[in-house]
Amino acid sequence: MMFRRGFILFLPRLIGLLVVACCSMSIVYMLACTPKGDSQQLSLPRVHSPTVKEGYEAILQEREEQHRNYIISLKKQIAQLKAELQGRTEQLKNMQNQYPDSLDIQLDHSKPEKAQANLLAFLRSQVDKAEVHSGVKLSTEYAAVPFESFTLQKVYQLETGLTRHPEEKPVRKDKRDELMEVIELAVGSLNKPDGVSNAKPRVYTASDFVEGIYRTEKNKGTLYELTFKGDAKHQFKKIVLFRPFGPVMKVKNENVNMADTLINVIVPLAKRASKFRQFMQNFREMGIQQDGRIHLTVVYFGKEQMNEVKSILENTSKSANFKNFTFIQLNEEFSRGKGLDVGARFWKGNNVVLFFCDVDIYFTAEFLNSCRLNTQPGKKVFYPVLFSQYNPSIIYGHHDSIPSLEQQLIIKKETGFWRDFGFGMTCQYRSDFINIGGFDLDIKGWGGEDVHLYRKYLHSNLMVIRTPVRGLFHLWHEKQCLDELTPEQYKMCMQSKAMNEASHGQLGMLVFKQEIETHLHRQKLSSKKT
């Protein structure tokens with residue numbers, strides 16, 4: 001009986017102790033589960049606070065709300081990571097489906113780091129597949145992917161269409177942003193310390209950029225070759241970058257010294273003494289005075305006007321103190337291929353850059369540098385796309401007088417076109433020309449030999465650089481369509497002549513000249529009546 005009475009008296013105390021113990025455990029649990037970095041400090045109920053029970057309930061409610069927000073934030077982060085992983089997985093799947101044999105890309109959903117490494121390895125393999133380090137064999141002259149060239153202000157493009165111009169500012173934002181990104185990346189690469197020299201490094205800026213060329217191989221990526229001013233005259237820095245459908249990758253960073261690189265300009269000629277005089281004026285200013293690292297080889301066919309041509313050459317030699325020229329005379333029918341082949345093989349000095357040229361070509365000193373920079377023995381040959389001039393009499397027919405030749409050489413839709421069907425003007429090292437077998441000497445007359453040589457290079461492992469250049473012009477001259485031609489040949493000749501005469505718009509003005517004059521006459525009569 002007394003035991004029961006004692007137990008009943010002790011029971012309230014025991015319950016109180018259990019309540020205090022549970023509350024203490026709850027507080028310890030909440031403090032232990034607090035997320036790191038939480039700056040809020042929770043205090044225990046004070047003497048003057050509401051009851052102990054209400055204080056604990058408030059604390060528990062506040063802590064529960066914080067935990068709920070924390071869990072929601074974690075769920076959002078997990079969802080974002082899953083979406084990113086899913087996107088990369090899909091990208092890898094597409095690449096694996098497109099190139100199942102090119103690279104063994106294993107898609108492991110549980111190992112995103114491995115998937116990322118496989119993706120990077122695949123992108124690097126794109127550099128090896130693309131025509132970056134060496135050329136690939138091509139079947140025809142139309143299979144080569146041409147480069148387009150650019151400066152800080154302009155893009156020189158082949159595919160003009162009806163809305164684009166051969167020379168223009170990059171109007172499209174994506175193209176403008178793309179080229180500026182590449183230039184900035186190249187500048188950053190140049191300014192990155194190499195850790196070799198203790199000298200204070202030069203700081204490069206975008207103003208040091210000279211020119212660049214780029215082309216996109218649709219199934220591989222975009223190749224960029226950018227040229228910057230070097231540390232001295234005739235020295236350059238060249239940066240090669242590649243965008244394999246993703247981040248740009250630096251391929252090469254090299255010094256290019258062109259101070260001692262000689263160019264042998266070879267010109268086959270028959271008669272045309274007046275054109276040769278004009279050519280020598282350009283050669284003297286750009287080749288002798290501005291460039292100075294140049295040799296001229298003239299291969300002359302026949303004897304008619306030969307003395308006049310030799311006199312022009314000798315007068316230039318005396319007045320400019322220029323001795324680096326060779327005159328070769330052949331007593332046979334004119335053959336452009338034969339003349340260029342003879343001129344190339346006649347050279348007995350060290351390996352030299354050959355520039356195959358015609359007498360109706362105008363070039364600048366900048367082009368001669370492009371000729372050097374885009375050729376490399378055993379690796380590269382240069383096939384520039386020149387700008388062909390329209391008939392100045394039609395272009396400037398409404399002017400009081402035709403401007404000087406230098407003022408006419410403007411790259412605009414109204415003044416000419418990119419002669420992308422011509423392969424006659426080319427630069428290559430003599431060793432490559434000899435190794436490829438030179439010209440086909442069975443081809444007589446003018447034309448055909450250039451395409452044959454071009455195809456030889458395309459069928460080799462040499463890289464063919466094909467790009468429009470802003471410093472090489474084909475001067476307009478009248479095209480003769482002979483009576484001996486068949487009706488079909490005569491028609492084709494006249495079509496070619498029309499294409500070289502003027503733009504579509506200018507030819508249209510000639511076709512509708514009478515209609516336009518009739519309209520103007522009516523307008524004049526109408527204004528008089530009013």
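Let's start with Thr467, which sits in strand 16 (residues 463-474); strands here are DSSP runs of E with at least two residues, helices are runs of H or I with at least four, and both are numbered from the N terminus. The model is predicted, so local features need pLDDT of at least 70 and side-chain atom pairs count only at pLDDT 80 or more, while totals for chains, interfaces and linings use all residues. Residues are numbered from 1 along each chain as its sequence is written, and side-chain values use heavy atoms, leaving out hydrogens and water.

**Around Thr467**
- Thr467 counts as buried because its relative accessibility is 1%, where buried means under 20% relative accessible area (1.4 Å probe, protein chains only).
- Beyond neighbours within four places in sequence, the contacts of Thr467 (heavy atoms within 4.5 Å) include Phe147, Glu148, Ser149 and Ile213.
- A polar atom of the Thr467 side chain lies 3.5 Å from the backbone oxygen of Phe147.

**Helices 5 and 8**
- Helix 5 (residues 273-291) packs against helix 8 (residues 365-373) at about 70 degrees, with axes 9 Å apart; axes are lines fitted to C-alpha atoms over the stretch in contact, and angles run from 0 to 180 degrees between N-to-C directions.
- The two helices, helix 5 and helix 8, are therefore roughly perpendicular, a term for angles of 65 to 115 degrees.
- Met286, Gly287, Gln290 and Asp291 of helix 5 meet Ala365, Leu368 and Arg372 of helix 8.

**Strands 9 and 10**
- Strand 9 (residues 294-301) and strand 10 run parallel, joined by six bridges.
- Leu296 has Phe325 in strand 10 as its bridge partner.

Methods: Buried means under 20% relative accessible area, exposed over 50%, partly exposed in between (1.4 Å probe, protein chains only). A polar contact is a pair of N or O atoms within 3.5 Å; within protein, one must be able to donate a hydrogen and the other to accept it, and residues adjacent in sequence count only if both atoms are side-chain atoms. Angles under 35 degrees count as roughly parallel, over 145 as roughly antiparallel, 65 to 115 as roughly perpendicular and the rest as oblique. Two strands pair if DSSP finds at least two bridges between them.
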